[in-house]
Amino acid sequence: VDFGGKEFWNARRVLVFARHLKAEAETFMAENLPKKEKGSDEKGFPYMAVHFRRKDMTWYDRKDVPTLEGAIKQLKPLLEKKKLAVLFLATDAPDEEVDVLRRDLPIVQY
């Protein structure tokens with residue numbers, strides 16, 4: 001199945017998250033992530049979310065996988081440009097690497 005193609009989205013529509021997982025995610029978001037201001041017509045939410053794959057992606061000599069410093073260099077200006085104060089980080093990185101990112105980025109993690 002071609003990712004993002006018609007067949008993918010036809011299959012994806014019937015895949016739903018379990019209610020208890022949705023409830024847990026909603027609770028986490030309500031407690032940890034900023035909310036839109038009432039009456040705001042802004043699209044989206046006032047935070048950036050990043051899926052920062054490390055383990056499997058760093059095993060290969062890939063030029064498109066940034067170093068920790070490279071990721072900071074890319075993300076920090078984006079946060080500033082969008083005037084966002086929170087970065088939700090989904091990652092399989094070890095704690096030591098997340099600590100390096102935390103020094104320069106306003107990270108929230110589940």
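Apart from it lies another core, of six residues, with Phe28, Leu33, Val86 and Val108 among them. A nonpolar core here is a set of buried Ala, Val, Leu, Ile, Met, Phe, Trp, Tyr and Cys residues joined through side-chain atoms within 4.5 Å. Buried stands for under 20% relative accessible area, exposed for over 50% and partly exposed for what lies in between, with a 1.4 Å probe and protein chains only.

A word on the model: it is predicted, so local features need pLDDT of at least 70 and side-chain atom pairs count only at pLDDT 80 or more, while totals for chains, interfaces and linings use all residues. Residues are numbered from 1 along each chain as its sequence is written, and side-chain values use heavy atoms, with hydrogens and water left out.

## The largest core

The largest nonpolar core has 17 residues, and Met48, Phe52, Leu87, Leu101 and Leu105 touch the most other members. Two or more residues each come from strand E1 (48-52), helix H4 (68-82), strand E2 (87-91) and helix H5 (95-104). H4 is the top contributor to this core, with five residues.

## Phe28

Phe28 sits in helix H2 (residues 19-32). This residue counts as buried because its relative accessibility is 12%. Not counting residues up to four places away in sequence, Phe28 touches Leu33, Phe88, Val108, Gln109 and Tyr110. Phe28 and Arg103, 75 residues apart in sequence, are 23 Å apart in space, C-alpha to C-alpha.

## The whole chain

The protein has five helices and three strands, and from the N terminus on its elements run α-α-β-α-α-β-α-β. Both kinds are DSSP runs numbered from the N terminus: helices are H or I with at least four residues, strands E with at least two.

The protein has a radius of gyration of 17 Å, whereas a compact globule of 110 residues would have one near 13 Å; the radius is taken over C-alpha atoms, and the globule rule is 2.2 Å times the number of residues to the power 0.38. Along the principal axes, the C-alpha atoms fill a box of roughly 40 × 35 × 25 Å. Of the 110 residues, 25% are buried. Among contacts with a separation of 6 or more, 54% join residues 24 or more positions apart.

Terms used
Contact = heavy atoms within 4.5 Å.
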